[in-house]
Amino acid sequence: MDSALASDTSYVRASVRTAVKILIVGHFAVGKTTYVGTLSEIRPLRTEELMTQAGATVDDLAGIRDKTTTTVALDFGRLTLSDDLVLYLFGAPGQQRFTRLWDDLARGALGALVLVDTARLKESFAVMDIVEKRGLPYAVAVNHFDGSPVFPDAEVREALDLAPTTPLVTCDARDRRSSTEALISLVDHLLTLGGETA
Amino acid sequence: MTRRGNGRALVRPHVVTGGRAHPTRNVFDLVTLVIATGDPPLHPGGTTPRTPLRTTGLSPEKLRIVELCRGGALSVVEIAGHLNLPVGVTKVLLSDLVDSGHLATRGAAPTVRQPEVRLLQEVLDGLRARL
């Protein structure tokens, strides 16, 4: 069984020296897993984190026998951007209560792409709260679903209370090109922010 | 390691780590790249030399990590995903294996609040090249 592992594994190029990450966030079923899968060059992986029911990751594994534990799935994928650089995308859970997991995700992250569904804009509020509280720079991408209402950008901006400088784009999480363009909008925005503070 | 149908480990995580929840060193980001020290990386089409490493005495999980990492570099979260271990448990085991000299890290993600403009530009160029 273990011998089959290596043949199934796509390793990071030997020349790569830097790994960065961007979070793909959004409410349940907004298309995070699809988005990561569309862009990832490796078969997207999933890891399950052990959490206490209260939401913290387990701090003392020896003492958990009396606590109820649950798991949260974390999807991720990888893109090699140059001989030297790989980018990891993480589909991040939209629940604030997974504090330790969010600590891990947010630390060192370049920024976040917030996926929203215009039919369920309200469900994005909690996610945007987390991202803003964490101080993560972000862009918003409307994942276009068949049948979702098409609102003018101004209405989406108002509903989500976006700053005028926050990029708002439309994408199709199933489409590689449009998903890549959404990421480019985010990184462009990050560069603008970096240029301001540098 | 014995597995159930759903692919998750049969033993509880604290058994794997010997009851510990925290790694001996706190250098592991989710995307820190990890590689085995004993063998050169596996090049495409090449084979991994199977020099006898000091792997005796390693727990089954640590042995699986070393075996996996002998093929080339992987991030912490990929190792966790491939071995169906929680990230927290994986960090504890990786930390031990760095301490014991089996593994080394490279390319830790920058943890500065504001990433360098140069790095962001490289990310942007890399993404544009994919269009």
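Biologist: Where does Asn84(B) lie?

Modeller: Asn84(B) lies in the loop between α3 and α4 of chain B. Helices are DSSP runs of H or I with at least four residues, strands are runs of E with at least two, and both are numbered from the N terminus. The model is predicted: local features require pLDDT of at least 70 and side-chain atom pairs pLDDT 80 or more, while totals for chains, interfaces and linings use all residues. Residues are numbered from 1 along each chain as its sequence is written, with chains lettered from A and ligands numbered from 1 in the order in which they are written.

Biologist: Why is Asn84(B) called partly exposed?

Modeller: A residue is buried if 20 or more other C-beta atoms, placed from the backbone, lie within 10 Å of its own, exposed if 12 or fewer do, and partly exposed in between. Asn84(B) has 17 C-beta neighbours inside 10 Å and therefore counts as partly exposed.

Biologist: What makes the phi of Asn84(B) worth a remark?

Modeller: Most residues other than glycine have a negative phi. Asn84(B) is not a glycine, yet its phi is positive, at about 55 degrees. Asp161(A), also not a glycine, has a positive phi of about 55 degrees. Asp161(A) is found in the loop between α5 (153-160) and β7 (168-171) of chain A.

Biologist: How do you know whether Asp161(A) is buried or exposed?

Modeller: Asp161(A) has 10 C-beta neighbours inside 10 Å, so it counts as exposed.

Biologist: Why are α3(B) and α4(B) called roughly perpendicular?

Modeller: Axes are lines fitted to C-alpha atoms, for helices over the stretch in contact, and angles run from 0 to 180 degrees between N-to-C directions. Angles under 35 degrees count as roughly parallel, over 145 as roughly antiparallel, 65 to 115 as roughly perpendicular and the rest as oblique. The axes of α3 (residues 76-83) and α4 (residues 87-99) of chain B come within 9 Å and cross at roughly 110 degrees. The two helices are therefore roughly perpendicular to each other.

Biologist: Which hand does the crossing of α3(B) and α4(B) have?

Modeller: The crossing of α3(B) and α4(B) is right-handed. A crossing is right-handed if the near helix is turned clockwise from the far one by less than a right angle, and left-handed if anticlockwise.

Biologist: Which residues make the contact of α3(B) with α4(B)?

Modeller: Two residues are in contact if their C-beta atoms, placed from the backbone, lie within 7 Å. Val76(B), Val77(B), Ile79(B) and Ala80(B) of α3(B) meet Val87(B), Thr90(B), Lys91(B) and Leu94(B) of α4(B). By class, six are nonpolar, one is polar and one is charged. Here Ala, Val, Leu, Ile, Met, Phe, Trp, Tyr, Cys and Pro count as nonpolar, Asp, Glu, Lys and Arg as charged, and the others, Gly among them, as polar.

Biologist: What makes α2(B) roughly perpendicular to α4(B)?

Modeller: Helix α2 (residues 60-69) of chain B packs against α4(B) at about 70 degrees, with the axes 10 Å apart. That angle makes the pair roughly perpendicular. Glu61(B), Lys62(B), Ile65(B) and Val66(B) of α2(B) meet Leu93(B), Leu94(B), Asp96(B) and Leu97(B) of α4(B). The contact has five nonpolar, no polar and three charged residues.

Biologist: Why is α4(B) described as largely enclosed?

Modeller: Of its 13 residues, 11 are buried, so α4(B) is largely enclosed by the rest of the structure. Among them are Thr90(B), Lys91(B), Ser95(B) and Asp96(B). Just after α4(B), Gly101(B) takes a positive phi of about 85 degrees.

Biologist: How does the reach of α4(B) compare with the expected span?

Modeller: The expected span is 1.5 Å times one less than the number of residues. With 13 residues, α4(B) reaches 18 Å from its first C-alpha to its last, close to the expected 18 Å.

Biologist: Why is Val123(B) called buried?

Modeller: Val123(B) has 26 other C-beta atoms within 10 Å and is therefore buried. It lies in helix α5 (residues 117-128) of chain B. Beyond its neighbours within four places in sequence, Val123(B) is in contact with Val20(A), Leu81(A), Leu87(A), Leu110(A) and Val187(A).

Biologist: What makes Leu85(A) buried?

Modeller: Leu85(A) has 21 other C-beta atoms within 10 Å, so it is buried. Leu85(A) belongs to strand β4 (residues 85-92) of chain A. Not counting residues up to four places away in sequence, Leu85(A) touches Val16(A), Thr18(A), Glu122(B) and Gly126(B). The C-alpha atoms of Leu85(A) and Thr18(A), 67 residues apart along the chain, are separated by 5.0 Å.
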